[in-house]
Amino acid sequence: MKPLISVVLLASESRKDFLLSSISAVLAQKYANIELILCDGCSSDFDEKEIADYIEEHKRENLRNTIVYRQERYDGEQQQYFDGLRLASGEFIKFISPDCALHSEESLEVLMNIIPSSGADILFTRTYNKTCNRFEPSHEGYIEVQHVDNPYGMLYMLATFPFTYILSPDAALFKTASLRECGAFTSEYATLPVFMTLFNMLKQDKRFQFLDFVSVDRYLISGRHYQPEIMWYEDLMHSNEYVDALKTHLQPYVAQNYPVTSRLKCKQLIKKVQLAGQIESVWLNASAGDKIKLHLRNALLSVIDVLYLSPPAPLPLQIKINTGLLKVSFIIMVIFAALKYFDFPTANVLVHMEALYSVVFLIFAAIFLFLVLKWLFTHLYFLFRKLLNRRGRHEQ
């Protein structure tokens with residue numbers, strides 16, 4: 001018999017109709033061995049009997065077990081994850097947020113055809129956000145992480161990139177025993193269950209794998225309620241906890257195990273998350289001048305990212321941009337030189353402009369050289385770390 005997979009649906013306030021759709025998506029799966037667990041965060045409109053009757057009416061023979069659990073009080077998203085893991089009996093487990101549902105009837109079958117034979121403790125896939133019509137992580141974010149094949153490199157990504165830019169928490173599939181071994185979903189952060197669990201698993205050298213496959217659809221904006229003021233509060237709380245987790249856990253770890261550039265990138269990520277939190281907290285009542293200041297600060301952080309703290313990639317975008325600027329500057333210098341050589345009447349007027357463009361060209365050339373060297377040494381560094389990791393695994 002195929003391995004049992006536990007699918008944990010996290011139920012929330014005011015999403016009863018959507019919860020039934022999420023349940024239907026699980027019941028429609030073609031995979032032959034499924035356990036369905038519903039963890040409700042003390043929703044006022046959650047009717048256990050109605051849910052149980054709906055499952056009983058629509059279930060098929062591939063549904064081996066059903067658990068409907070309702071918390072006495074809502075203690076945050078992490079507690080729902082913890083309860084789901086505690087109740088699960090499957091060899092593998094997948095958590096699905098209140099605003100998500102499985103993408104197709106083959107979603108679980110595709111995942112379960114890969115992870116048991118791969119030996120991975122975590123299988124990362126992608127989410128399709130139907131509200132915003134985009135993939136999570138985006139194509140750019142997926143490019144950044146798909147070449148990472150060891151915990152050391154993955155921890156670097158967690159410490160230097162926004163979490164949801166490179167990974168989708170709802171699209172992850174876990175080995176249940178590995179989660180329990182690392183004490184999953186027991187951190188002090190109520191809104192960061194998957195982030196902190198992944199951090200602890202990677203520190204214990206748990207294996208992971210990426211699959212360019214959409215396993216989950218997202219339909220609604222994140223947040224426990226529809227009410228904008230409550231969603232705003234939870235987003236702000238998430239930003240504050242994210243900053244604290246980066247400062248308390250990721251930053252010290254990076255300082256001990258990674259080069260100086262990685263530490264700078266971690267600090268830069270903290271600043272960006274802090275700025276996002278400030279925007280969340282003051283945007284509604286901010287004046288036009290304050291909004292402009294926030295936009296300028298965000299733009300400055302983005303410029304720093306492009307010019308210096310950019311990630312390693314097969315062909316970094318900043319090098320492409322700088323190469324284009326370098327070509328334009330060189331062409332302008334050639335034009336000025338031709339005007340002087342053929343003694344055009346306007347040549348004397350353009351002498352000062354030629355000097356200016358010469359300086360600009362040298363600046364672009366210096367930046368280009370810096371980026372190329374940085375890209376080269378970064379990839380050599382990661383190659384060196386990969387060889388060390390492989391050697392360590394071979395010796396073990």
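1. A residue is called buried when its relative accessible area is under 20%, exposed when the area is over 50%, and partly exposed in between, using a 1.4 Å probe and protein chains only. Q80, with a relative accessible area of 2%, is therefore buried. Before we go on, please keep in mind that this is a predicted model: local features need pLDDT of at least 70, side-chain atom pairs count only at pLDDT 80 or more, and totals for chains, interfaces and linings use all residues. Residues are numbered from 1 along each chain as its sequence is written, and side-chain values use heavy atoms, with hydrogens and water left out.

2. Let us stay with Q80 for a moment. It belongs to helix α3 (residues 77–87); here helices (H or I, at least four residues) and strands (E, at least two) are DSSP runs, numbered from the N terminus. Which backbone atom lies 3.0 Å from a polar atom of the Q80 side chain? It is the backbone oxygen of C39. For a polar contact, two N or O atoms must be within 3.5 Å; within protein, one must be able to donate a hydrogen and the other to accept it, and residues adjacent in sequence count only if both atoms are side-chain atoms.

3. Now for the strands, which pair if DSSP finds at least two bridges between them. Strands β2 (residues 34–40) and β3 (residues 63–70) run parallel and are joined by 7 bridges.

4. Next, the backbone. Most residues other than glycine have a negative phi, and most peptide bonds are trans. Where is the cis peptide bond with omega of about -5°? It joins E136 and P137, and P137 is in the loop between β7 (134–136) and α6 (139–146).

5. Two residues have a positive phi without being glycine. F185, with phi of about 60°, is in the loop between α9 (176–181) and α10 (193–203). D205 has a phi near 60° and lies in the loop between α10 and β9 (208–218). Are these two buried or exposed? F185 is buried at 4% relative accessibility, whereas D205 is exposed, with a relative accessible area of 58%.

6. Helix α10 is largely enclosed by the rest of the structure, because 9 of its 11 residues are buried. Among the buried ones are P193, F195, F199 and L202.

7. The aromatic rings come next. A pair of aromatic rings is described by the distance of the centres and the angle of the planes. Rings of Phe, Tyr and Trp (its six-membered ring) pair if their centres lie within 6.5 Å; planes under 30 degrees apart count as stacked, over 60 as edge-to-face and the rest as tilted. By this rule there are 15 aromatic pairs. F95 and F185 form an edge-to-face pair, because their centres are 5.2 Å apart and their planes stand at 80°. F95 lies in strand β4 (residues 92–96) and F185 in the loop between α9 and α10, so the pair ties together parts that are 90 residues apart in sequence. Both F95 and F185 are buried.

8. Y152 and Y258 make a stacked pair, because their ring centres are 4.4 Å apart and their planes at 20°. Y152 sits in helix α7 (residues 151–160) and Y258 in the loop between α11 (228–257) and α12 (260–282), so this pair ties together parts 106 residues apart in sequence. Y152 and Y258 are both buried.

9. Finally, look for charges over rings, meaning NZ of Lys or CZ of Arg within 6 Å of the ring centre and within 35 degrees of the ring normal. R86 lies over the face of Y69, at 5.4 Å from the ring centre. R126 lies over the face of Y142, at 5.2 Å from the ring centre.
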